[in-house]
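Hi,

Here is the structure I promised to pass on.

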Amino acid sequence: MTWLYNLPLELRLAAVGILGVLIGTQVNRFVYRLSWVPRQIGPWAKPPADAPPRNWFDYLPIVGWFALRREAPLHGPGYWLRPMTIEIVFGAGLALLYWFEVQGGLVPDAVTTKLPMDWIHAQFAAHTLLIALMATASVIDIDEKLIPDQITVYGALAGLVLAALVPMSRLPVWDAFLYGRPPATAWTGESLLMIASPNDPPDWFFGPCGLAMAIGCFAAWWLAILPSIWTTRFGVAKAVRYKLAGMRRAVMPRKSRPHEGWRGYLPILGLGLALIIAVWALQGRVSSSHWHALFTALVGMAAGGAIVWGVRIIGSHALRKEAMGFGDVTLVAMIGVYLGWQPCLMLFFIAPFIGVVIALLNMLLRGQADIWYGPFLCAAALIVIVFWAKLWHDFGAIFTMGLFVPALVVIMFALMWAMLIFWRFIKEQIIFRSSPE
């Protein structure tokens, strides 16, 4: 790949911009295909029966949407503006992100030793895939207030495979360069954000106990994504019975469709466990960083999902209604696969501030109290990536404090509960004052 790195930066930026536009076309494609009610919008879908025939130039990125304006009577005026904007933003945004990461944006200026080009491109590829998945989920969430499992489940699986095959796709850390330590002469596997960073990993991570923990993380995620119902309206005993029955129906094939169970959740479980066991068993033949990266992704998946699940429970109690959909749980679990549990904790701090500002504007300008939360989580994840150098430099030391970290999570949950109680009070006061006497 040396020839690629030796190309002029301007040529690489142009190529990345074109790639971004093409990725934007697929974001648009899956936005309409994976919606709860699929829509026949865009050149990739079968045109409606009363639509004019498609032309070859309809398939051109960006400019094709100008031609597809003729379908506005079927889809609504200006319907073509958003997908065209998505393709433009992806082209320009991806080129800007590439320039940012190649110029060393993921590490602070104090680190004079540059990241290896292989690492930069592996990290950029991981971030590109994550951003494409988050963009698709966000647009669907804005449209329908739901996030399809096809995005978060298969996106998480793709992230696990990427972590196992390309461990340098993890975010960089530079503890050997800062905090008064002697400067390092080269980046090593210890310079990647792993499960114990910024501490050294204990030996048991690489033994049978680490394997058991990894399998537990994956099994917990797999059980969580199984479609089932939990309601205590008829008592806890029946709630457990309904939960188990729903999980059994999701896994076991029905008589009318004998292969249904094998086509869905059972293959996910089998392939996931096979990947985990194989990478763990191959530690002696290949670098242990592959197992370490996969283990980190699995813990990030479990921790990210658990944090938002806790937010969902606390928020529902504070607001006296469902605060977040379960799609938000699987969304942050997917983000945790690509970034790790430490960035998930950071975005947990950032997302509420974005959400409160947008919620207030939405209520004051449009009079709507309910908003989608998935896009705020995705925006916070993007902020963590772009400002990673400063965030890790300023707050990375927090993760050396052992039991203080879970205590900090408990404190955050308590503060969030109080904030949501206050938010419910404000909303009730606005609604009360605006209602006719």
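For context, most residues other than glycine have a negative phi, and most peptide bonds are trans. Helices here (H or I, at least four residues) and strands (E, at least two) are DSSP runs, numbered from the N terminus.

Please keep in mind that this is a predicted model: local features need pLDDT of at least 70, side-chain atom pairs count only at pLDDT 80 or more, and totals for chains, interfaces and linings use all residues. Residues are numbered from 1 along each chain as its sequence is written, and side-chain values use heavy atoms, with hydrogens and water left out.

The overall picture: the protein chain has 17 helices and zero strands. Of its 437 residues, 46% are buried (under 20% relative accessible area; exposed is over 50% and partly exposed in between, with a 1.4 Å probe and protein chains only). Among contacts (heavy atoms within 4.5 Å) with a separation of 6 or more, 71% are between residues 24 or more positions apart.

Two loops hold a positive phi in a residue other than glycine. In the loop between α2 and α3, Ile62 has phi near 65 degrees; at 22% relative accessibility Ile62 counts as partly exposed. In the loop between α6 and α7, Lys145 has a phi of about 55 degrees.

Now to helix α7 and its neighbours. Two packed helices are described by the angle between their axes and the distance between the axes. The axes are lines fitted to C-alpha atoms, for helices over the stretch in contact, and angles run from 0 to 180 degrees between N-to-C directions.

The axes of α7 (residues 149-165) and α11 (residues 265-281) come within 11 Å and cross at roughly 15 degrees, which makes α7 roughly parallel to α11 (angles under 35 degrees count as roughly parallel, over 145 as roughly antiparallel, 65 to 115 as roughly perpendicular and the rest as oblique). The crossing is left-handed, that is, the near helix is turned anticlockwise from the far one by less than a right angle (clockwise would be right-handed). On the α7 side the contact uses Val153, Tyr154, Leu157, Leu160, Val161 and Ala164, and on the α11 side Ile268, Leu275 and Val279. By class that gives nine nonpolar, no polar and no charged residues (Ala, Val, Leu, Ile, Met, Phe, Trp, Tyr, Cys and Pro count as nonpolar, Asp, Glu, Lys and Arg as charged, and the others, Gly among them, as polar).

With α8 (residues 208-225), the α7 axis comes within 12 Å and crosses at roughly 165 degrees, so α7 is roughly antiparallel to α8. This crossing is left-handed. Asp149, Val153, Ala156, Leu157 and Leu160 of α7 meet Phe218, Trp221 and Ile225 of α8, a set of seven nonpolar, no polar and one charged.

Helix α5 (residues 81-102) has 22 residues and reaches 31 Å from its first C-alpha to its last, close to the 32 Å expected (1.5 Å times one less than its number of residues). Its buried residues, including Phe90, Leu94 and Tyr98, pack against α2 (9-33), α3 (64-67), α6 (117-144) and α15 (374-386). After α5 comes Gly104, with a positive phi near 85 degrees.

Lastly, Gly355 in helix α14 (residues 341-366) is buried, with a relative accessible area of 7%. Gly355 and Tyr373 are 18 residues apart in sequence and 6.9 Å apart in space, C-alpha to C-alpha.

Best wishes
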